[in-house]
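Here is a quick tour of one model, written for someone who likes to check contacts by eye. Have the viewer open and follow along.

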Amino acid sequence: MTYYLVMFSKGNVLASVAANEDRLVIHFKEGSEQKKEAQPYVYAINKNPKLTIIELYINGKSMAIDRMTMM
């Protein structure tokens, strides 16, 4: 199954993804350089069905996912 994560940020964004047991762990790190307007960063994630939990962290802080689109 493919998930699309869209993050809006005024800074540059670096992403890392790792699987840990039954979890898909996604880390976003925002750069300190800020633009005038937030830009969308779109990530397509092909998730293994054995990974039942998605954890999202932004700058080290656990965050909830607002919306998900599955295709």
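This is a predicted model: local features need pLDDT of at least 70, side-chain atom pairs count only at pLDDT 80 or more; totals for chains, interfaces and linings use all residues.

Buried here means under 20% relative accessible area, exposed means over 50%, and partly exposed covers what falls in between. Thr2 has a relative accessible area of 16%, so it counts as buried. You'll find Thr2 in strand 1, which spans residues 2–9. Its side chain has a partner too: a polar contact of 2.7 Å joins Thr2 to the side chain of Asn46.

The chain averages a pLDDT of 88, with 94% of its residues at 70 or more.

Is Ser9 buried or exposed? With a relative accessibility of 2%, Ser9 is buried. The Ser9 side chain gets to the backbone nitrogen of Gly11, at 3.0 Å.

What does Ser9 touch once neighbours within four places in sequence are set aside? The contacts are Glu30, Glu37, Ala38, Gln39 and Tyr41.

As background, nonpolar side chains in soluble globular proteins tend to be buried together. In this model the largest nonpolar core has 11 residues: Leu5, Met7, Val13, Leu24, Ile26, Phe28, Tyr41, Ile45, Leu51, Leu56 and Ile58. Strands 1, 3, 4 and 5 are the elements that each supply two or more residues to this core. Strand 3 gives the most, with three.

Ile58 is a handy core member to click on. Leaving out residues up to four places away in sequence, Ile58 touches Met7, Phe28, Glu30 and Met63.

## One aromatic pair

How many aromatic pairs does a search of the whole structure find? It turns up one. The partners are Phe28 and Tyr43, whose ring centres sit 5.0 Å apart with 40° between the planes, a tilted arrangement. Phe28 belongs to strand 3 (residues 23–30) and Tyr43 to strand 4 (residues 39–46), so the pair ties together parts that are 15 residues apart in sequence.

Phe28 itself is buried, with a relative accessible area of 5%. Phe28 is also one of the residues of the largest nonpolar core, and it is among the contacts of Ile58.

## Salt bridges around Arg23

Now for the charged side chains. Those of opposite charge can pair when their charged atoms come close. The structure has two salt bridges. In one, Asp22 pairs with Arg23, and the closest N and O atoms are 3.9 Å apart.

Which residues do the shared partners join into one network? They are Asp22, Arg23 and Glu55.

Key:
Residues are numbered from 1 along each chain as its sequence is written. Side-chain values use heavy atoms; hydrogens and water are left out. Rings of Phe, Tyr and Trp (its six-membered ring) pair if their centres lie within 6.5 Å; planes under 30 degrees apart count as stacked, over 60 as edge-to-face and the rest as tilted. Helices (H or I, at least four residues) and strands (E, at least two) are DSSP runs, numbered from the N terminus. Buried means under 20% relative accessible area, exposed over 50%, partly exposed in between (1.4 Å probe, protein chains only). A salt bridge is a side-chain nitrogen of Lys or Arg within 4 Å of a carboxyl oxygen of Asp or Glu. A polar contact is a pair of N or O atoms within 3.5 Å; within protein, one must be able to donate a hydrogen and the other to accept it, and residues adjacent in sequence count only if both atoms are side-chain atoms. pLDDT is the predictor's confidence in each residue, from 0 to 100. Contact means heavy atoms within 4.5 Å. A nonpolar core is a set of buried Ala, Val, Leu, Ile, Met, Phe, Trp, Tyr and Cys residues joined through side-chain atoms within 4.5 Å.
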